[in-house]
Every structure is written in C-alpha cells, then in structure tokens.
Amino acid sequence: MKGWAADQKIEGSMVTFMGDPACEVTAALDMKMMAHPGPPSDGLIGRSKRFALYIDDGEVKYIAISEDDNDPAGDDDPEDSCAPAMIDAIKSL
C-alpha cells in the first residue's frame with residue numbers, strides 16, 4: 001500500500017490507503033466476490049468487489065459497486081465506483 005500511495009502522491013492529503021490482506025473488512029462489508037476467489041498464489045485470500053464508500057462522521061452515506069453478471073469484479077466497467085460518479089452521487093445527497 002505504501003508503494004501505491006507514493007505512486008499516487010497522496011502523502012499529506014486527506015486520503016489514506018489501507019490493505020485488507022485477510023479479507024476481514026471486505027467480508028464484514030459483504031463485499032467479498034464469491035464468484036471469483038482470487039489467485040492464492042499471489043497472496044490473495046478471496047477477492048473484493050470493486051466498490052467505493054462515502055463515509056461521513058463514521059456513517060456510511062453512499063455505496064457504489066461496480067459489478068455485472070458477466071463482470072463480477074467490475075474490471076470492464078468500473079465507472080460506477082470511480083471518483084466522478086462518486087462526486088455526482090455525493091452532491092445529490
């Protein structure tokens with residue numbers, strides 16, 4: 001996560017990258033992708049759906065999930081959980 005954070009130049013910003021290597025938070029949020037367990041040889045235990053949360057003062061205000069029956073990971077069409085869509089959704093709250 002540190003390497004990704006450095007690459008994205010988030011140091012000193014309000015953004016924090018966090019990992020979930022044992023899939024504990026992912027499972028608690030019910031965001032574990034059941035149709036694709038992920039490659040364990042790469043150190044992944046399960047795989048997360050592509051999602052974004054808008055959390056304000058500890059309360060989840062908006063959830064966006066990028067998934068489709070033919071694209072359970074949202075890899076082909078991630079726009080629903082990308083920044084522009086999240087900003088539009090937050091503005092409409």
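Trainee: Is Asp57 buried or exposed?

Mentor: Let's start with the idea: buried means under 20% relative accessible area, exposed means over 50%, and partly exposed lies in between, using a 1.4 Å probe and protein chains only. Asp57 is exposed, because its relative accessible area is 79%. Before we go on, please note that this is a predicted model, where local features need pLDDT of at least 70, side-chain atom pairs count only at pLDDT 80 or more, and totals for chains, interfaces and linings use all residues. Residues are numbered from 1 along each chain as its sequence is written, and side-chain values use heavy atoms, leaving out hydrogens and water.

Trainee: Where does Asp57 sit?

Mentor: Helices (H or I, at least four residues) and strands (E, at least two) are DSSP runs, numbered from the N terminus. Asp57 belongs to the loop between strand S1 (50-56) and S2. Its phi is positive, about 55 degrees, although Asp57 is not a glycine.

Trainee: What is phi of Lys9 near?

Mentor: For Lys9, phi is near 55 degrees, again a positive value in a residue other than glycine. You will find Lys9 in the loop between helix H1 (2-8) and helix H2 (24-28). Lys9 counts as exposed because its relative accessible area is 71%.

Trainee: How many helices and strands does the protein chain have?

Mentor: The protein chain has three helices and two strands. Reading from the N terminus, their order is α-α-β-β-α.

Trainee: Which residues are in contact with Ser81, leaving aside its neighbours within four places in sequence?

Mentor: Contact means heavy atoms within 4.5 Å. With those neighbours set aside, Ser81 touches Arg50, Phe51, Ala52, Ala64, Ser66 and Met86. Ser81 is placed in the loop between strand S2 (59-66) and helix H3 (83-91). At 12% relative accessibility, Ser81 is buried.

Trainee: What share of the protein chain do buried residues make up?

Mentor: Of the 93 residues in the protein chain, buried ones make up 20%. For the surface, accessible areas come from the Shrake-Rupley method with a 1.4 Å probe, and for residues only the protein chains shown count as cover. The protein chain exposes about 7,100 Å², and carbon and sulfur atoms supply 53% of that area.

Trainee: How many disulfides does the structure hold?

Mentor: A disulfide is a covalent bond between the sulfur atoms of two cysteines. The test here is a pair of cysteine sulfur atoms within 2.5 Å. The structure holds zero disulfides. As for its cysteines, Cys23 is buried at 7% relative accessible area, whereas Cys82 is partly exposed at 30%.
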